[in-house]
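The sequence and the structure are shown first.

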Amino acid sequence: MRLVLASASPRRLDLLARIGVTPDAVLPADIDETPRKAELPHAYASRMAAEKAAAIAVDEEEALVLAADTVVAAGRRILGKASDEAEARATLSLLSGRRHRVLSAVTLMAPAGQARHRLSTSIVAFKRLSDEELGDYLAGGEWQGKAGAYAIQGRAEALIRWMSGSYSGVMGLPLYETRALLKSAGFPLG
């Protein structure tokens, strides 16, 4: 059974390897990732994962297509990837000292076109960040290309005082949900 990962994320590839899965191909989906007006974070994450899977499944009709999307949300606000250091500073300042949600949606598209979906919700709380801590983190550049302007698997892990949910989901691919989807589709797992 051929498996295609619809993501350019090296973290997702590494996370799959943790459960003994190596995709046959990695084909990132090129879709419009603009949130719709008044779209809630959980609906947005689920829609993005489903649209990424569907976009790749068009050309990969005989494969299982796995896609995911991770959204950092402060209340009803979707905190995307910061475009520059000033935006990253504003995002991390917003998250400083408070809880936020990380929603990680996974879609598995079967060859017959049947889609299976799962959503992992985690709650993460940063410590109150001093100006020095914030400056040091930003100077390291880990914020680049990351939803919410941080990578839990990097230096930000030492700034998180509390978490409930899926660590792998906060990284970008909830392994429990992903494994369940692959297993339900008959994909061989060790």
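## Contact range and burial

Among contacts between residues at least 6 apart in sequence, 65% join residues at least 24 apart. The model from which this value was computed is a predicted one. Of the 190 residues of the protein, 48% count as buried.

## Architecture and dimensions

The secondary structure consists of six helices and seven strands. Read from the N terminus, the order of these elements is β-α-β-α-β-β-α-β-β-α-β-α-α.

The radius of gyration of the protein is 17 Å, which agrees with the value near 16 Å that a compact globule of 190 residues would have. Along the principal axes, the C-alpha atoms fill a box of roughly 50 × 40 × 25 Å.

## Surface and charge

The accessible surface of the protein amounts to about 9200 Å². Carbon and sulfur atoms contribute 49% of this surface.

The protein carries 24 positive and 22 negative side chains. The centres of the two sets are separated by 8 Å.

## The aromatic pair

A search of the whole structure returns one aromatic pair. Its members are Phe-126 and Tyr-150, whose ring centres lie 4.8 Å apart. The planes of the two rings stand at 90°, and planes over 60 degrees apart count as edge-to-face, so the pair is of the edge-to-face kind.

Phe-126 belongs to strand β6 (residues 115–126), whereas Tyr-150 is placed in the loop between α4 (131–140) and β7 (160–164). The pair therefore ties together parts that are 24 residues apart in sequence. Both partners fall under the 20% limit for burial: Phe-126 counts as buried because its relative accessibility is 1%, and Tyr-150 counts as buried at 5% relative accessibility.

Where does Lys-52 lie in the secondary structure? Lys-52 is part of helix α2, which covers residues 41–57. Is Lys-52 buried or exposed? With a relative accessible area of 8%, Lys-52 is buried.

Which residues does Lys-52 touch, not counting residues up to four places away in sequence? The contacts of Lys-52, with that exclusion, are Ala-6, Ala-29, Ile-31, Glu-33, Ala-67, Ala-68 and Asp-69. Negative side chains are counted from Asp and Glu, and the contacts of Lys-52 include Glu-33 and Asp-69.

Notes:
Residues are numbered from 1 along each chain as its sequence is written. This is a predicted model: local features need pLDDT of at least 70, side-chain atom pairs count only at pLDDT 80 or more; totals for chains, interfaces and linings use all residues. Side-chain values use heavy atoms; hydrogens and water are left out. Helices (H or I, at least four residues) and strands (E, at least two) are DSSP runs, numbered from the N terminus. The radius of gyration is taken over C-alpha atoms; the globule rule is 2.2 Å times the number of residues to the power 0.38. Buried means under 20% relative accessible area, exposed over 50%, partly exposed in between (1.4 Å probe, protein chains only). Contact means heavy atoms within 4.5 Å. Accessible areas come from the Shrake-Rupley method with a 1.4 Å probe; for residues, only the protein chains shown count as cover. The place of a charge is taken as NZ of Lys, CZ of Arg, CG of Asp or CD of Glu. Rings of Phe, Tyr and Trp (its six-membered ring) pair if their centres lie within 6.5 Å; planes under 30 degrees apart count as stacked, over 60 as edge-to-face and the rest as tilted.
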